[in-house]
2 protein chains.
Amino acid sequence: MHAIYKKLESFIKIMNYKYLRPMIDVIVIGYGNVGNHLVDVLFSNNSVNLKQVYNRSIEKINHLASKISITNSFDKIFDADVYIITVSDDEISTVSEELSIKNKLIVHTSGSVSMELIASKRKGVFYPLQTFTKNKEINFKNIPICVEANYESDLVLLEKLASLISENIYILDSFQRKKMHLAAVFVNNFVNHLYHVGHTICEENNVPFEILHPLLEETLRKIKDIDPIDAQTGPAKRNDQKTITSQLEQLSEAQQKIYTSLTDSIINTYKNHG
Amino acid sequence: MHAIYKKLESFIKIMNYKYLRPMIDVIVIGYGNVGNHLVDVLFSNNSVNLKQVYNRSIEKINHLASKISITNSFDKIFDADVYIITVSDDEISTVSEELSIKNKLIVHTSGSVSMELIASKRKGVFYPLQTFTKNKEINFKNIPICVEANYESDLVLLEKLASLISENIYILDSFQRKKMHLAAVFVNNFVNHLYHVGHTICEENNVPFEILHPLLEETLRKIKDIDPIDAQTGPAKRNDQKTITSQLEQLSEAQQKIYTSLTDSIINTYKNHG
């Protein structure tokens, strides 16, 4: 008896989940890197009703027309539960003003813009912390999504939406998000540029960049076990001036500036650290 | 008949490999990060006879005495096929002079020191391209080992030795190795320091650094599919001066220098790139 009851209970739960829970109506505004990937993941999710995609240039979203309503006019925007603005940081405020939507939740997807810049009573943030490249498939499940809202009920709504596409949801306020975005610039954007510098040096000297792959993996793996401050190695850590001077001589002016700023910072870090 | 012959042939090969191939006698000079890990991997390898470990300070290698001969005197160094000098770059030349070994192969393990600095007729390089941290176990199999020698027969010997502990062997001359080591400083040492900067910013603002882990993984994963130059994102790539100014204001002086050098370089790279 008990087992049957358990089975029934779980069946009701599934029914509830699949059929009774209301779909969340979403409209995505903007079709850049973030908008592009959000449209993909929201469209393919059964618990989300992606009602419409807006983009200033209609040509870029024409290919969506067969499956989703598209528009390039703010006057023709439908009614929805959440409007996700994915335009560039500078345009978030203006776009939220042009969206003449009353009493609906409007969120942006930016790491560095304050929630307050959204011109709406109900506002929030839905920030997927990931580096998006167009035409590169992304598995949203592992992408942390940072949410924020000025009403508790809207925070719940955003958490629900986020949990439909990702397993890592964080509630961060605008200040924390701004700081995390700043940290991300160092560990993602700047790290990628260092990869580029290394790639260039290899290419110019007929060294296959692939030799360095295991090293890159180990560099990343290490800091999951120990703090980066304890994982540092290299000429700057040893304050090995002979190598530092010799390496500086081999670099272009821009590379020298990068080398010097990082070397100085490493030397200073360990002067104080140990 | 043919199958039996094949089996016999492969049996002879195995016998040859296991019993007839002479062991390589190796002596490791120096017991720092690299020496430490090399001693571990060479000692546990059945095809290598790790005859002796030298270290200036005998206290640091006393724990090895029960299984390997140890010494802190160059006069007591044994005879061997290969002497691997793992001391710091500045001391390689002096140590190779003090090693009064005639007609044996002496190699160093440095990425940035020329082979020519070894005071010996037969010289070479045995450079494992990896970041070694003491007390952190390393799987040598995936570590690329770059070898070089001034005699063809010694190059063969080093390739054989390298292939016993790693699956990735590269023959690079001193110039290429120097350049690869330079590239490694950017993609390993400097990347780790950027991780440290990101970690610091998170800690100071009560943001768990772990939120950033999936981003770091994706940053690395991406450049295995596309060149780093095509994977760049962020405020500098967009030349988003508003975000750049706002982020600079949040940083310490040392962090600002790092931020500026990398941002300027990214802006210039994409000005010329497209």
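## A bridge in the sheet of chain A

In β5(A), V82(A) has L105(A) as its bridge partner. The two strands here are β4 (residues 82-85) and β5 (residues 105-108) of chain A; four bridges join them, and they run parallel. Two strands pair if DSSP finds at least two bridges between them. Strands (E, at least two residues) and helices (H or I, at least four residues) are DSSP runs, numbered from the N terminus. Strands of a sheet pair through backbone hydrogen bonds, either parallel or antiparallel.

This is a predicted model: local features need pLDDT of at least 70, side-chain atom pairs count only at pLDDT 80 or more, and totals for chains, interfaces and linings use all residues. Residues are numbered from 1 along each chain as its sequence is written, while chains are lettered from A and ligands numbered from 1 in the order in which they are written.

## The whole sheet of chain A

Eight strands of chain A form an open sheet. Their order is β3-β2-β1-β4-β5-β6-β7-β8, with mixed pairing. β3 (69-71) and β8 (169-171) of chain A are the edge strands, and each pairs on one side only. On average, neighbouring strands are turned by 25° against each other, direction ignored.

Helix α4 (residues 152-165) of chain A packs on this sheet. The strands that α4 touches are β1 (24-29), β2 (48-54), β4, β5, β6 (123-128), β7 (145-149) and β8 of chain A. The direction of α4 makes about 165° with that of β7(A). Axes are lines fitted to C-alpha atoms, for helices over the stretch in contact, and angles run from 0 to 180 degrees between N-to-C directions. Two residues are in contact if their C-beta atoms, placed from the backbone, lie within 7 Å.

## Two domains in chain A

Chain A is divided into domain 1 (2-172) and domain 2 (178-273). Such bounds come from an automatic or database domain assignment. The C-alpha centres of domain 1 and domain 2 of chain A lie 37 Å apart. Five residues of domain 1 of chain A are in contact with five residues of domain 2 of chain A.

## The sheet of chain B

Chain B also has an open sheet of eight strands, in the order β3-β2-β1-β4-β5-β6-β7-β8, with mixed pairing. Its edge strands are β3 (69-71) and β8 (169-171) of chain B. In β5(B), L105(B) is the bridge partner of V82(B).

## Where the chains meet

The contact takes 75 residues from chain A and 75 residues from chain B. On the chain B side, α5(B) gives the most, with 23 residues. By class, the side of chain B that touches chain A has 36 nonpolar, 27 polar and twelve charged residues. Ala, Val, Leu, Ile, Met, Phe, Trp, Tyr, Cys and Pro count as nonpolar, Asp, Glu, Lys and Arg as charged, and the others, Gly among them, as polar.

How do the axes of α5(A) and α5(B) cross? They come within 9 Å and cross at roughly 180°. α5(A) and α5(B) are therefore roughly antiparallel to each other. Angles under 35 degrees count as roughly parallel, over 145 as roughly antiparallel, 65 to 115 as roughly perpendicular and the rest as oblique. The contact of α5(A) with α5(B) has 24 nonpolar, two polar and two charged residues.

The axes of helix α5 (residues 174-204) of chain A and helix α6 (residues 213-225) of chain B come within 10 Å and cross at roughly 15°. That makes α5(A) roughly parallel to α6(B).
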